[in-house]
Amino acid sequence: MHLAWADQGSGRYRAQMTVYVKPRGTFGKAYMAFIKPFRYAIVYPALMRHFERIWSQQH
């Protein structure tokens with residue numbers, strides 16, 4: 001996972017996150033396909049909100 005704050009100008013930043021996953025074998029591919037909607041709909045947005053709250057409290 002890579003997290004970064006992209007400068008938007010005027011002192012504003014936007015959080016960016018990249019996740020690299022390499023499944024191994026048939027089970028790994030099936031598992032990643034099964035959990036993909038949950039990662040994008042629930043996990044990643046919640047992570048980004050968490051990091052944004054921390055950033056806001058520190059600045």
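# Exercises on a predicted β-β-α chain

Among contacts in the chain between residues at least 6 apart in sequence, 34% join residues at least 24 apart. The model is predicted.

**Exercise 1.** Work out which secondary structure elements the chain holds and in what pattern they follow along the sequence.

Solution. 
- Step 1: the chain has one helix and two strands.
- Step 2: read along the sequence, these elements give the pattern β-β-α.
- Step 3: the strands are β1, residues 2-9, and β2, residues 12-18, while helix α1 spans 25-58.

**Exercise 2.** Describe how β1 and β2 pair, and name bridge partners of aspartate 7 and alanine 4.

Solution. 
- Step 1: β1 and β2 run in the antiparallel sense and share seven bridges.
- Step 2: aspartate 7 has tyrosine 13 of β2 as its bridge partner.
- Step 3: for alanine 4, the bridge partner in β2 is glutamine 16.

**Exercise 3.** Compare the radius of gyration of the chain with that of a compact globule of 59 residues, then describe the box and the surface.

Solution. 
- Step 1: a compact globule of 59 residues would have a radius of gyration near 10 Å.
- Step 2: the chain has 15 Å instead.
- Step 3: along the principal axes, the C-alpha atoms fill a box of roughly 45 × 15 × 15 Å.
- Step 4: of the 59 residues, 14% count as buried.
- Step 5: the accessible surface of the chain is about 5100 Å², and carbon and sulfur atoms account for 57% of this area.

How values were computed. Residues numbered from 1 in each chain as written. Predicted model: local features only at pLDDT ≥ 70, side-chain atom pairs only at ≥ 80, totals over all residues. Heavy atoms only, no water. Pairing = 2+ DSSP bridges. Helix = DSSP H or I, 4+ residues; strand = E, 2+ residues; numbered from the N terminus. Rg over C-alpha atoms; globule rule 2.2 N^0.38 Å. Buried < 20%, exposed > 50% of the residue type's maximum accessible area, 1.4 Å probe, protein only. Contact = heavy atoms within 4.5 Å. Areas by Shrake-Rupley, 256 points an atom, 1.4 Å probe, with all protein chains shown as cover.
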